[in-house]
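Try each one before reading its solution.

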Amino acid sequence: MKYLCLICAETVMEQMTEAAAEQHYEEYAEFTKAIRESGHFLGCNRLQPPDAAITVRVRQGKITTTDGPFVETKEQLGGYYVIEAKDLNEAIQIASRIPGVRIGCVEVRPIAEDERTLRALG
Amino acid sequence: MQHENVPQRARETVDAIYRSHSRHIFATLIRLLGDFDVAEEALHDAFRAALEQWPRDGVPAKPQAWLVSTGRFKAIDGIRRRARFEPLPDDLAERLAADSGDELDGEGVEDDRLRLIFTCCHPALSPDAQVALTLREVCGLTTEEIARAFLTAAPTLAQRIVRAKAKIRDARIPYQVPSPAELPDRVDSVLRVIYLVYNEGYSASSGGALMRSDLSGEAIRVGRLLIELLPEAEALGLLALMLLQESRRAARSAPNGDLILLDDQDRSLWNMDYITEGSALVERALSSRRFGPYALQAAIAAVHANAPYAAATDWAEITSLYDILLRTDSSPVIELNRAVAVAMRDGPLPGLALIDAILTRGDLADYHLAHSARADLCRRLGRTKEARASYERAYSLARQEPERRFLERRLCELRD
């Protein structure tokens, strides 16, 4: 099974002190290396902060855009991992080792792999 | 050519050992590492290392011991690396490393599987949690599979497992086979979990029926494992009971899912292998003289199973088994079953008197089977009006679709 782990926190890298960010990067390097070695890693990215976001909609053929993410919350989406795990409990276990989980939280979502989805996405 | 097959064969060996022994190795790793989650990660890492190394270096002489010591080493290494960022309260890695971990072979390892079963079925955990943990950790089912089988949302089930493991950790539930003094109670709790899983798979006959019959298969597998490790009379009895019930699976429902009562079943559909095995286990359990309710229920099921046709059933034997059963485990449901057996042995009237006595006490007033049994006896006595009233009461209490359809049919027949 594939799972998406969405990392949310009130403070993202850009808002940390240099020393705190450095330590956090190091922790992510260590964690990512570990799950690459264990074979759980499928992909990951860190996102720029929400003030870099723009939300797009098309209504009646017209594009409209608004500043910022489409949901305003105190916690910001900071990055994600896509992992391969035996089941939801193994995914939870891996998510609990993501460094951001100790200052924010991680949402674990199974990735849809039903036939219809796979066919549609090619 | 043969030379090229070596890596392929090594990979097949890893797969085969994973299928047959990953749960044993996991059970040993929990003992050595003292934590379910750490052990699960270690198990994963050990098999991954085997997949890398065995095709290149050959399969080690003692593959299981290799997997255990590799898993243990990787876990200690992982804890050390993580300690750089989250210092642990005590020197866990060093403590684990100091423990020589030499007990990788022999009796200790066999006991590990028992330790795992007893820990998953520990009475400090809720029954729901015991079932979920047993299926995931002992049987190796995935969270999603268990959730589907129990018609529960996967996140609910996942949380149940997370909390149960936290409870084991926080309450320091020991990873051990209980002492002889505690053993009978603790075995009861294990047997209850196995039977719960079995019944969950057996009683379902609609919606995901296929998934759920797998649960019965898992329960039988754990039952077999348990008697291999701990041949207690009641463990033998429970396995016998499950096998004897399982032997009738193909005969107990029509293709449309309707229930077929024991009397009306096509006995040629009964699974003779299960009946033979179950009956032999009943003999073994009864001869030990330490038998209890499971062995007695299995003995009753064996009498049914060994009757070539319904009218040949030895109801006198069944009634006397119920008499013994009532002495060891008195419950209104068993009283009800005994009343039905008496009705078969002596006629509907004495049976009806017994059922009415139970219902008058109010014990089974809301139990649909009590009312449908009463209805059946009234029907046989020609008391149609009373029969209808009882079938209607049963219908209003029954929840499962096939049971409701059965009662509907009976009500229709009485209308004609």
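Axes here are lines fitted to C-alpha atoms, for helices over the stretch in contact, with angles from 0 to 180 degrees between N-to-C directions. Helices (H or I, at least four residues) and strands (E, at least two) are DSSP runs, numbered from the N terminus. It's a predicted model: local features need pLDDT of at least 70, side-chain atom pairs count only at pLDDT 80 or more, and totals for chains, interfaces and linings use all residues. Residues are numbered from 1 along each chain as its sequence is written, while chains are lettered from A and ligands numbered from 1 in the order in which they are written.

**Exercise 1.** Work out how α14(B) and α15(B) are oriented to each other.

*Solution.* Start with the axes: α14 (residues 315-328) and α15 (residues 332-346) of chain B come within 9 Å and cross at roughly 155°. Angles over 145 degrees count as roughly antiparallel, so α14(B) and α15(B) are roughly antiparallel to each other. Next, the residues: the contact (C-beta atoms, placed from the backbone, within 7 Å) includes Trp315(B) and Tyr322(B) from α14(B), and Ile334(B) and Arg338(B) from α15(B).

**Exercise 2.** Find the strand order of the open sheet in chain A.

*Solution.* The four strands run β2-β5-β1-β6, with antiparallel pairing; strands pair if DSSP finds at least two bridges between them. At the edges sit β2 (41-46) and β6 (105-110) of chain A, each pairing on one side only. Zoom in on β2(A) and β5(A) (residues 76-84): they pair over five bridges. Arg46(A) stands opposite Gly79(A) there.

Technical notes
Parallel < 35°, antiparallel > 145°, perpendicular 65-115°, else oblique. Contact = placed C-beta atoms within 7 Å.
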